[in-house]
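The sequence and structure come first, followed by the points grouped by topic.

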Amino acid sequence: MTTQSDARIAFQGELGAYGHEAVLKARPNALPVPCATFDDVFKAVHEGRADLAMLPVENSTYGRVADIHRLLPQSGLHIIDESFVRVRINLMAPKGRSLQDINCVRAHLVLIPQARSFLETHGIKAEAAADSAGAAADLARTQEAGIGALASAVAAEIHGLEILARDIEDEHHNTTRFVLMSHDLDMSHRSERMITTFVFEVRNIPAALYKAMGGFATNGVNMTKLESYMVGGSFTATQFYADIEGHPDDVGVRLAMEELDYFTNMVEVLGVYPAHPERN
């Protein structure tokens, strides 16, 4: 299994994206491999162009990252670590410009509302771009007058732009959780605090979900995340994505998973990995 710090790690977005920042936090010496889409991230690992994949799964302000819970079980990869990135939004422009010169900024559609107060205060309009780091790269190339970009400080450094205003996000607790994924499932108990992530589908019997969850309560296992999503375009075939505290070898977790198995058609462990200190 490739976990060395100099691994090639694929992420979605241009260099300087928040996924790139997650790579730098998790593996500072890794070689970042930018990809256009989440599917391209998985493809890069399967085709051998990258060793690991870094994917966002949830944001403290906006919740689940769209489509990711559907993609993870189908990816053929397993979670080996997690990384948390505080979403710090910076307004940047080509060097020599001032904040007063900027009348429009470009960024990913999701990022723009997160800086609405600052933009309204300064009378700056916004245009959606496919990628915030990509908007920074385009601006560095075109040197367009009156235009700025909203992106990470890493993007400004990489693309040679000057930060005119730092940390302009409305919510200063805004954090995105990423997971680091590998071909191999590492089941080692390599930290005092472990997280187990799995997906399951309940049997078609009355109160199946309630009964399936009962084992975690009675065995003292803390479930930190439970989300449902549809599969195969059906309104009746529902899968659940869950995070629990603990390792499958822990007595309470083992008993809870055995009880879960009785009430489900399918249980698949996606990863067993150390709980990051920033999880708290």
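Helices H7 and H8 are roughly antiparallel to each other, because their axes cross at roughly 170 degrees and angles over 145 degrees count as roughly antiparallel. The model is a predicted one. The points below begin with this helix pair and then turn to the strands and the cores.

**Helix pair H7 and H8**

- H7 spans residues 208–218 and H8 spans residues 251–262; their axes come within 8 Å.
- On the H7 side, the residues that meet H8 are Lys-211, Ala-212, Met-213, Gly-214, Gly-215, Phe-216 and Thr-218.
- Their counterparts in H8 are Ala-256, Met-257, Glu-259 and Leu-260.

**Five-stranded sheet**

- An open sheet is formed by five strands in the order S8-S7-S9-S6-S10, with mixed pairing.
- Strands S8 (125–129) and S10 (162–165) are the edges, and each of them pairs on one side only.
- On average, neighbouring strands of this sheet are turned by 40 degrees against each other, direction ignored.
- Strand S7 (residues 104–108) pairs with S8 in the parallel sense, over five bridges.
- Within this part of the sheet, His-108 stands opposite Ala-129 in S8.
- Helix H5 (residues 132–142) packs on the sheet and touches S6 (90–93), S7, S8 and S9 (147–151).
- The direction of H5 makes about 150 degrees with that of S9.

- S1 (residues 8–12) and S2 (residues 31–35) pair in the parallel sense over five bridges.
- Between S1 and S2 the chain passes through helix H1 (residues 18–26), and this β-α-β crossover is right-handed.
- S1 also pairs with S3 (residues 52–59) in the parallel sense, over three bridges.
- Ala-10 has a bridge partner in each of these two strands: Val-33 in S2 and Ala-53 in S3.

**Nonpolar cores**

- In soluble globular proteins, nonpolar side chains tend to be buried together.
- The largest nonpolar core here has 44 residues, and Leu-91 and Leu-150 have the most contacts inside it.
- A second, separate core has 27 residues, among them Ala-10, Ala-53, Ile-68 and Val-199.

Technical notes: Residues are numbered from 1 along each chain as its sequence is written. This is a predicted model: local features need pLDDT of at least 70, side-chain atom pairs count only at pLDDT 80 or more; totals for chains, interfaces and linings use all residues. Side-chain values use heavy atoms; hydrogens and water are left out. Two strands pair if DSSP finds at least two bridges between them. Helices (H or I, at least four residues) and strands (E, at least two) are DSSP runs, numbered from the N terminus. A crossover is right-handed if, with the strands pointing away from the viewer, the path from the first strand over the helix to the second runs clockwise. A nonpolar core is a set of buried Ala, Val, Leu, Ile, Met, Phe, Trp, Tyr and Cys residues joined through side-chain atoms within 4.5 Å. Buried means under 20% relative accessible area, exposed over 50%, partly exposed in between (1.4 Å probe, protein chains only). Axes are lines fitted to C-alpha atoms, for helices over the stretch in contact, and angles run from 0 to 180 degrees between N-to-C directions. Angles under 35 degrees count as roughly parallel, over 145 as roughly antiparallel, 65 to 115 as roughly perpendicular and the rest as oblique. Contact means heavy atoms within 4.5 Å.
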